[in-house]
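Please open the model in your viewer and keep the selection tool at hand. The stops below say what to select next and what is to be found there.

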Amino acid sequence: MEAGAEAEPLLPPRRWRAGRGLWRERSGARSAAEDGAGANNDLYINQAIVFIEDAIQYRSINHRVDSKSLWLYRWYYSRTCQWILSLIITVILALAFIEEPSSLTVTSDVRFRLPAWNPPCGLTESIELLCFLGFMVDVSVKSYLIGWKEFWKNKWLMAYILTLIVSLADWIVSLSFFCKESVRIRRILRPFFLLQNSSMMKKTLKSINSTLPEMASVLLLLAVHLSLFTMFAMLLFARTKDNQQDKEWVVYFRNLPDSLTSLLVLLTTANNPDVMIPAYSKNRAYSIFFILFTVLGNLFLMNLLTAIIYNQFRGYLLKSVQSSLFRRRLGIRAAFEVLSSLKETPASAQQSCVSVGALLQVLQKAEMDSRCKQAIMRSLKMCSCDQLSAVQFQKLFEELDKDAIKQHPPSPEYQSHFVQKMQFAFGHPCFGYLGNVVALANIISMCVVLVMDADKQPSERDDFFLGAINCFFILYYLLEMLLKILAMGLKRYLSYPSNRFDGLLTVILLILEIATFAVYGFPHPGWRPEFIGLLSLWDMVRLVNMLIVFRFLRIIPNMKFMALVVTTLLDLVKNLRAFAGILVYLVFQVVFYAFAITGIMLFKGAVVPLGNTSAANTTHDNGTLQCGTYEQLEYWPNNFDDFAAAVVTLWDVMVVNNWQVFLDAYSRYSSPWAKIYFVAWWLISSVIWVNLFVALLLENFIHKWDRRCQRESLSDIEYQRTVELMFRMGEEVLGLRGTTAEGGKNKGKKKREDEGSDACSWLIMKLRVRCFGRTYRRGVDGKTAPAPTPAVM
């Protein structure tokens, strides 16, 4: 912090200073009540502990800070409590697999599926009630901790309570009908419990919501494009007197719904070139219509939609990091302000400061990574001063932002000169390159043998050559592992993941090879190990041996012309885990779950085997199944008769390969309006989610690529833009509302609800005044004096 910003202490109003148990006046004289306030030091310490833990976990500090609330807060965010909450969410989501209709069958094929076991009425409902009770405790604790005033402003908590009320009402209705009702609304609402407990999911949904206007404009343009070409197609392929020439009209453009469906599927290229062939065989000029439709719709409009989503999410990763950084800085600063109010703090100090002993006491009780805690304590011991300023305090906690650098154990030191030479030779990278060359030779030799024996019957195959080369290569891998352990030492050898992988494979191969020799003997001409069970020992050796190909991939980063691409991809995978995980959860847990439950309600039992229903719509006059239909392709396992089958069916539709088969089948088996369900799923999964994932992938890859290429270092302009963006987003990220001049005028009309929440709100407001400058200062103080220059905390 700058000196100008530090000169003004962060103090609550004068009416709060006496007897509030949070801060004291920093003046030369103390009141008698404050002299006896030593017991409040424990409260200060506990507040600082919670603020530090909030900073570590990137949580907001806008919550109650009285002694009882602090205990409840730490208990709620403890690992045990959060694990229980995650378990409750997992259990209530997993109920869909065992509830009626149960997924506990070997196959989902309607022709061979046996009747599934369904739990008796009241069993899953009892588990569901326990989960609801856990959620009620969760929402009650959350509402209490943030204060009732903030509770009424929190839309997520209000939606949480509304979801619980609707779910409980539907649960009561279900028991009233003895669990025989087919529609259960609470099942569709279950993903909300997962959604509201993830801040990243909320942030992703907020970004998607901000993208909807731009996406809607492109989707509208896409709808216009589809409608115009549909009308043109119905005129172009109208019915004629020649039935032989009307194949295009009969199959694809018979009426308006069929025409729209055919061109919508063509937009995804799933029925290309099938939809064009009847007309194209009649006149090659008809291909111009289909090519023009595909170019405008698929290559232009669909990619334009991807560009819009990418433009909206460009900088999304950076904004997420900045918002997390802001929360961390705010929590650390709040801890500093609390500790600076301890009794042992010198009252004559012109600037706020914190004693080293108080900070050590906080660190001992705070839940944080042991590495960071030890690093901070080492820095404190090396510090010669007894008091820490705000800048020093903040610098200490920069360890939280640093990644742990793994240090490998040292290599052993040998006295023998011969052993030292061996250590140098077998510890050299060239020895590793030799191992990669040998692994490549192993793969090539195996491929040659497999290709030569591909067309031979098992009785004609001679496995002598393959057994001999496997024995040779496994012995080499064993020798390589032992020599590396000799050169590097066991601890250093195991500290590298690639060595652990190679060593594990070598041990497995050696055990299987010894077992094979014990059962079948040593390889000899005409050697054919007998096949026993699903996989014989010999087949297991060949299968595991194929994994050695990954040894060859280790040399790619050492190739200079590919090192940049490989390192960028590795960093991309490492840093995309959190964001890709959010998208995966969002789709597979929330969207998949809701659509699967809806599909069960709409289409359960709709698909039945041909022997139980009329096949008039799916056969020719001679009784042969039409080519490319649901029945002819034997898609019987893809149905909505249970939850697991519904998830797989939705996955197949999302891939959009032959998804027109599902459109046709369910429009025949249930209703033509079933197409709306599948089109909605295609829009959400294939159009929105896939493009969202591509946007995040491009954003992260471009950022990593630019950094690796070092096209432009982190200049002052870029740094200033980053800081400006972080501060501009700070208020929005925290979910707080800035105090305006109008709010300042109305201050005092209503009393604060409670001391703990009020004092913490004042701290946040003052910190925001310090960060955001003039606008907020006018709102709080009612003055027009310029604010100190914003600084990174």
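Begin by selecting M422, Q423 and F426 in helix α20, together with L483, K484, L486 and A487 in helix α22, since these are the residues through which α20 and α22 meet, where contact means heavy atoms within 4.5 Å. Sorted by type, the residues of this contact divide into five nonpolar, one polar and one charged, with Ala, Val, Leu, Ile, Met, Phe, Trp, Tyr, Cys and Pro counted as nonpolar, Asp, Glu, Lys and Arg as charged, and the others, Gly among them, as polar. This is a predicted model, in which local features need pLDDT of at least 70 and side-chain atom pairs count only at pLDDT 80 or more, while totals for chains, interfaces and linings use all residues. Residues are numbered from 1 along each chain as its sequence is written, and side-chain values use heavy atoms, with hydrogens and water left out.

Now widen the selection to the whole of α20 (residues 417-426) and α22 (residues 464-488), whose axes come within 8 Å and cross at roughly 115°. Axes here are lines fitted to C-alpha atoms, for helices over the stretch in contact, and angles run from 0 to 180 degrees between N-to-C directions; helices (H or I, at least four residues) and strands (E, at least two) are DSSP runs numbered from the N terminus. The crossing of α20 past α22 is left-handed, a term used if the near helix is turned anticlockwise from the far one by less than a right angle, with right-handed used if clockwise.

Within α22, centre the view on L483. Is L483 buried or exposed? L483 counts as buried at 15% relative accessibility, where buried means under 20% relative accessible area, exposed over 50%, and partly exposed in between (1.4 Å probe, protein chains only). Apart from neighbours within four places in sequence, L483 is in contact with M422, F426 and F431. The C-alpha atoms of L483 and Q423 are separated by 8.3 Å, although these residues are 60 apart along the chain.

Next, select C121 and C179, which are joined by a disulfide with an S to S distance of 2.1 Å, a disulfide being a pair of cysteine sulfur atoms within 2.5 Å. The pair links distant parts of the chain, 58 residues apart, with C121 in the loop between α5 (79-98) and α6 (123-146) and C179 in the loop between α8 (155-176) and α9 (185-189). The torsion about the S-S bond is about 65°, so the disulfide is right-handed. C121 is partly exposed at a relative accessible area of 44%, whereas C179 is buried at 8%. A search of the whole structure finds one disulfide.

Q361 counts as partly exposed, at 33% relative accessibility.

Move on to helix α29 (residues 659-669), which is largely enclosed by the rest of the structure because nine of its 11 residues are buried; among them are W659, F662 and Y666.

Finally, zoom out to the protein chain, whose secondary structure comes to 34 helices and two strands. Of its 793 residues, 44% count as buried.
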